[in-house]
Amino acid sequence: MSLTSRARTGVVEVIHGFPVRDPYRWLEDRSLAETEEWLRDQQLRCKQYFAACEGLGAIRAHVRQYLDRETKDQPVRIAERQFYRWRKRSDEQAGIYLHDESEREPRLLVAPSPFNPFEAVGIYRISADASLLAYERRNGGGDQKSIHLVAVEKGELLSDKIETGYSRGFCFASGLQGFYYCHEDSKPRGDHTICFHRLGDRRPDQICFSAERSVGSRLILTGEANHLGVLYLHRAGTGEVVDLWIADQRQPTQWQRVFENCRLPMSVILKNQRLFVLTYDAAPEGELLELDLNGNVVRTIISKREGMICQLVLVHDRVFVTRQHQLQTSLESWSLDGEYLSRLDIPDDSTVQLAPPRSDTADALFYTCESFTQPPSFFQYSPSDGTTRLWHQNRISVSSSRYRIRRTTYAARDGKEIPIELVAAEAFGAPRPVVMTAYGGFGVSMTPQFSVLATIMVELGACFAVCRIRGGGEYGKNWHEAARGRNRQVSFDDFLAAADWLCETGVTKPGRLGIFGGSNAGLLVGAAMTQRPDLFRAVLCIAPLLDMVRYESFDHAAKWREEYGTVESLEDFLALSAYSPYHQVKDDTNYPSVLFVSGDDDDRCNPAHVRKMAARLQDRRVQNSPVIVDYSETRGHSPVLPLSVRIEALSRRIAFLCRELDISVRFGGRDEDLGD
């Protein structure tokens with residue numbers, strides 16, 4: 001290409017007295033003709049690479065068998081009405097349906113766009129009497145969405161809507177004369193605001209609340225039939241804190257501050273004119289408190305118990321929480337007065353996800369249950385009679401008896417024992433290809449979940465490895481804190497120790513070890529690749545952060561300062577620059593084969609991270625292993641792409657791993673090798 005001379009000019013910044021090279025700063029500007037030329041070249045490279053993968057067609061057909069299935073999700077039940085999304089076989093996107101018990105068949109309320117397969121619809125909020133549905137439309141997986149309203153009885157689309165932007169909360173007004181909302185466009189100016197829109201009124205919406213905008217600040221709106229609540233997240237001193245304000249819907253411009261400068265994480269729920277707060281400040285495992293409007297504790301609803309609270313929802317007159325203790329998940333039911341009621345039966349070694357109720361009057365709890373070998377199934381629990389029933393089952397057929405799951409631990413660099421799980425289709429013996437992943441951030445736990453990529457790789461003879469590194473929430477708040485901020489290197493060290501252990505114990509060898517991760521885990525595999533390129537043969541890096549010196553400059557990433565730190569602090573800058581994958585690429589090293597996945601619609605982990613990192617790796621003569629960029633203008637961070645695009649994207653990822661790890665593609669007795 002003709003861009004190398006421009007790339008060599010680069011940018012050198014001096015930060016805290018240290019020069020920082022940024023040779024591909026120009027690739028941050030998507031509007032440049034040079035950036036467009038660079039991307040066209042990457043798409044050509046990508047096309048040529050996968051054209052040489054002889055088993056791609058067989059993989060694509062097999063992936064279709066997994067993904068082209070009937071799916072239902074986002075269920076909400078209000079009295080005799082049940083709302084949900086439904087994607088039928090061969091449909092590119094799901095529609096929103098209503099099944100009324102008085103009607104024999106479900107009724108389509110919102111159809112996916114017949115003109116734009118990249119546009120996805122989803123249930124956003126349902127009014128208390130189930131007469132109004134607020135639904136979202138989002139394009140290509142970006143975080144921005146528009147909000148639209150449907151009159152449920154007639155299935156009529158109303159003219160009232162909220163234009164495309166970042167949604168921070170929505171609440172129907174009592175009496176259904178309108179709604180309150182917090183919504184911001186991609187480049188907001190001025191103060192944060194909460195507004196009221198009156199249905200059918202074309203005049204400018206009324207501003208009910210405003211708060212000063214600063215770097216990383218944001219408002220979150222919550223509410224119920226009688227009250228509104230606003231969380232104002234902002235920085236105070238060296239950390240991020242939250243203020244809570246409450247207003248009566250009858251006087252929506254008169255706000256009372258309940259508390260200020262409280263530490264995160266924290267969740268606030270308004271229900272039945274009561275205020276509930278989930279906090280981890282005094283109890284690292286989490287506790288649910290009821291407060292009065294002066295911020296005083298009225299009662300403790302859920303006190304400190306074994307196991308960290310992972311999720312919490314209020315449905316009907318119950319509180320449901322999932323906990324994780326000793327790597328096992330439990331699902332509990334409590335009364336709104338703090339009485340422990342029951343523990344719902346769920347299988348061991350599985351993952352439970354609670355579906356948000358999406359309405360103040362939802363009267364059933366929906367949750368999914370899945371494992372390494374069982375795809376997600378939806379269950380419905382009725383608080384009124386205590387019964388549980390299967391609501392929707394994914395019909396993918398997986399023979400769990402064929403799988404061997406090994407749970408053990410390995411020693412990290414500092415001697416800490418780190419859990420790891422290995423999944424294979426046959427007994428563990430001779431070295432084999434391994435595909436390993438982890439997360440290690442934001443207190444998020446890696447729990448047993450069904451992955452089509454992992455399932456197919458295991459079918460093909462690979463071993464799938466999941467390690468529970470620090471930075472996650474597997475063992476509570478301290479496990480997260482051990483690798484947060486300036487301690488981030490701890491999570492990378494834990495991951496690298498897992499790779500060393502897999503090779504030292506004969507499970508695999510560096511030439512057959514692949515790693516993958518997305519988002520924060522994309523940062524993880526990027527750091528692992530640059531710190532120990534000798535350990536890995538293939539790296540699948542999806543929608544990552546990679547330039548950690550400038551991550552705060554992109555989109556809304558400054559809100560992650562609590563997790564990663566900020567270059568404004570000398571100590572944080574030294575830690576960030578020491579592991580930032582983009583800045584740690586050496587000119588004399590041939591790094592493992594890499595497949596980067598990103599796209600223009602990703603406004604969470606900006607695609608400039610991939611563009612700059614790929615260019616840095618490719619423009620070195622020593623790089624013999626392929627560096628491929630699978631880039632699309634319509635790919636974002638959220639998993640809402642149309643079926644055909646998801647099939648192709650997943651097929652490419654599997655084909656990449658098979659080719660680089662030297663895995664033969666055999667399905668149903670057919671043998672197709674991925675060759676060069």
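Visitor: Let's start with α6. Is that helix largely enclosed or open?
Guide: Largely enclosed by the rest of the structure, because 12 of its 16 residues are buried. Bear in mind that this is a predicted model.

Visitor: Which residues of α6 are buried?
Guide: S491, F492, D493, D494, F495, L496, A497, A498, A499, W501, L502 and C503. Two aspartates are on that list, D493 and D494.

Visitor: What span should α6 have, and what does the model give?
Guide: The helix covers residues 489-504. At 1.5 Å a residue, its 16 residues should span 22 Å. The end C-alpha atoms are 22 Å apart, which agrees.

Visitor: What comes just after α6?
Guide: G506, with a positive phi of about 80 degrees.

Visitor: And α7? How many of its residues are buried?
Guide: 11 of 12, so α7 is largely enclosed by the rest of the structure too. The buried ones are N520, A521, G522, L523, L524, V525, G526, A527, A528, M529 and T530.

Visitor: Is A130 buried or exposed?
Guide: Buried. The relative accessible area of A130 is 2%, and the cut-off for buried is under 20%.

Visitor: What about Q326? What is its phi?
Guide: Positive, about 50 degrees, and Q326 is not a glycine either. Q326 lies in the loop between β23 (318-325) and β24 (328-335).

Visitor: Buried or exposed, for Q326?
Guide: Exposed. Its relative accessible area is 52%, and exposed means over 50%.

Visitor: Now E568. Where does it lie?
Guide: In the loop between α8 (561-564) and α9 (570-579). E568 counts as exposed, at 57% relative accessibility.

Visitor: What is E568 in contact with, leaving aside neighbours within four places in sequence?
Guide: H16 and R561.

Visitor: Zoom out. How many helices and strands does the protein have?
Guide: 11 helices and 39 strands. The radius of gyration is 25 Å, close to the 26 Å from the globule rule for 676 residues, so the protein is as compact as a globular protein of that length.

Visitor: What box do the C-alpha atoms fill?
Guide: Roughly 70 × 60 × 55 Å along the principal axes.

Visitor: What share of contacts joins residues at least 24 apart?
Guide: 56%, among contacts between residues at least 6 apart in sequence.

Visitor: And the surface? What is its accessible area?
Guide: About 28100 Å², with 45% belonging to carbon and sulfur atoms. Of the 676 residues, 58% count as buried.

How values were computed. Residues numbered from 1 in each chain as written. Predicted model: local features only at pLDDT ≥ 70, side-chain atom pairs only at ≥ 80, totals over all residues. Heavy atoms only, no water. Helix = DSSP H or I, 4+ residues; strand = E, 2+ residues; numbered from the N terminus. Rg over C-alpha atoms; globule rule 2.2 N^0.38 Å. Buried < 20%, exposed > 50% of the residue type's maximum accessible area, 1.4 Å probe, protein only. Contact = heavy atoms within 4.5 Å. Areas by Shrake-Rupley, 256 points an atom, 1.4 Å probe, with all protein chains shown as cover. Expected span 1.5 Å × (residues − 1).
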